[in-house]
Amino acid sequence: MFKLAHISDIHLSPLPEPDWSQLASKRILGYLNWKRNRKHSLTGNYLEKLLADLPGKNPDHIMVSGDLVNLALPEEFENALAFLQSLGTPENVSAVCGNHDAYVPGGLQKAIDTWQPYMSGDDVPIESDEDYPYLRIRGNVAIIGCNSAEATGPFMATGYFRENQAKRLAQILEKSRNLFRVVCIHHSPIPGATKWYKRLIGDDLFRDVIAQHGAELVLHGHTHLATTHFIDGTNGGIPVVCVPAAGNGEGGKRPAGRYNLFTIESSDNGWSVQHEAYGWVEAGHGVEILEKADFNLKR
């Protein structure tokens, strides 16, 4: 039995106060959005209290699917490293980057350089976006981290999945075929899952690779919603699961913060997976189980 926890869209607060030179970019739009909107839902101790509930579930591994920061300010990357370290060691915690981690040119590389121990494969370190995906094997589980993060222009939050990464993902999926393969990417690979300016460009390529080479579970963030979709595979539907933003408080347009817990067990014909979602029913009234689902997956 292997327990995998999934959190996403941390958007660590409070936001370091930028100087005006740092705002001479797309950051000015994100800064104004923080002041008007995100500041009110992402501040407070919602994240701290949500994650305080997690150790009691005894996860074997924690997956963080991006957007640890807000504006890709230098201080934010160091704060996010401290956050990852608070979750556990690189042996027990994996991460991928989101669009906010690559908010401005150079942001993605800064994230990779700073968080590299949490985003490298067992044998191959991630040194740039050209090195993705990575593969980590923990017990009978293969953890595969893809990158969809890339700096975009104002008012855009698109992600990208291109042919070179698709080829490497196909090789990794074949290499780990006898394991329970968890593929993590920040943007949703499901068409229509979010608005066009937040979509994953190359989502069809991603789905084709998964369908042809197989996987057992796909995890993503970005939409801040609690959703489960399926990609058609050679042995049936492959669940694609999103978790709401971990740092989000009560109220607003998106669900309050959650974490997902997947209990994975090998069965005679494949895999048995129990999915449990934990989060706020009402802020200040404790973290409770909100949803439960079971997946029976063929090999």
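Two strands pair if DSSP finds at least two bridges between them. Strands (E, at least two residues) and helices (H or I, at least four) are DSSP runs, numbered from the N terminus. By that rule, S1 and strand S12 (residues 258–266) pair in the antiparallel sense over 5 bridges.

This is a predicted model: local features need pLDDT of at least 70, side-chain atom pairs count only at pLDDT 80 or more, and totals for chains, interfaces and linings use all residues. Residues are numbered from 1 along each chain as its sequence is written, and side-chain values use heavy atoms, with hydrogens and water left out.

**The six-stranded sheet**

- The sheet is open, has 6 strands in the order S3-S2-S1-S12-S13-S14, and shows mixed pairing.
- Its edge strands are S3 (93–95) and S14 (287–298), each pairing on one side only.
- From one strand to the next, the twist averages 20 degrees. Axes here are lines fitted to C-alpha atoms, for helices over the stretch in contact, and angles run from 0 to 180 degrees between N-to-C directions.
- Strand S1 (residues 2–7) is mostly covered, with 5 of its 6 residues buried. Buried means under 20% relative accessible area, exposed over 50%, and partly exposed in between (1.4 Å probe, protein chains only).
- S1 runs parallel to strand S2 (residues 61–64), and 4 bridges join them.
- Ala5 stands opposite Leu261 in S12 and opposite Ile62 in S2.
- S2 and S3 pair in the parallel sense over 3 bridges. Val93 in S3 is the bridge partner of Ile62.

**Two residues in the sheet**

- Thr263 is in strand S12. Thr263 counts as buried, at 10% relative accessibility.
- Beyond its neighbours within four places in sequence, Thr263 is in contact with Met1, Phe2, Lys3, Ser272, Val273 and Gln274. Contact means heavy atoms within 4.5 Å.
- Gly279 lies in strand S13 (residues 270–280). Its relative accessible area is 0%, so Gly279 is buried.
- Beyond its neighbours within four places in sequence, Gly279 is in contact with Leu50, Gly257, Arg258, Gly286, Val287, Glu288 and Leu290.
- Gly279 and Met156 are 123 residues apart along the chain, and their C-alpha atoms are separated by 29 Å.

**Nonpolar cores**

- In soluble globular proteins, nonpolar side chains tend to be buried together.
- A nonpolar core is a set of buried Ala, Val, Leu, Ile, Met, Phe, Trp, Tyr and Cys residues joined through side-chain atoms within 4.5 Å.
- The largest such core has 63 residues, of which Ile7, Val64 and Trp115 touch the most other members.
- Helix H3 (residues 74–87) gives the most to this core, with 6 residues.
- A second, separate core has 24 residues, including Leu179, Leu200, Val209 and Ala215.
- Trp115 is in contact with Leu68, Val69, Phe77, Ala80, Leu81, Leu84, Cys97 and Asp101, leaving aside neighbours within four places in sequence.
- Trp115 is also one of the buried residues of H4, along with Gly107, Leu108, Ala111, Ile112 and Thr114. H3 is among the elements that cover the buried residues of H4.

**Helix H5**

- H5 (residues 163–175) has 13 residues, which should span 18 Å at 1.5 Å a residue; its end C-alpha atoms are 19 Å apart, which agrees. The expected span is 1.5 Å times one less than the number of residues.
- Its buried residues are Gln165, Ala166, Leu169, Ala170, Ile172 and Leu173.
- Seen down the axis of H5, these buried residues fall within an arc of 165 degrees, so they line one face of the helix. The arc is that of the directions from the helix axis to the C-beta atoms.
- Lys167, Gln171 and Lys175 are exposed on the other side of H5.
- Cover for the buried residues of H5 includes strands S4 (134–138), S5 (141–145) and S7 (180–184) and helix H6 (203–213).

**Loops and backbone exceptions**

- Most residues other than glycine have a negative phi, and most peptide bonds are trans.
- The Ser13 to Pro14 peptide bond is cis, with omega near 0 degrees. Pro14 is in the loop between S1 and helix H1 (27–42).
- The Tyr132 to Pro133 peptide bond is cis, with omega near 0 degrees. Pro133 lies in the loop between H4 and S4.
- Asp67, in the loop between S2 and H3, has a positive phi near 55 degrees. Asp67 counts as buried, at 2% relative accessibility.
- His224 has a positive phi near 65 degrees and is buried, with a relative accessible area of 13%.
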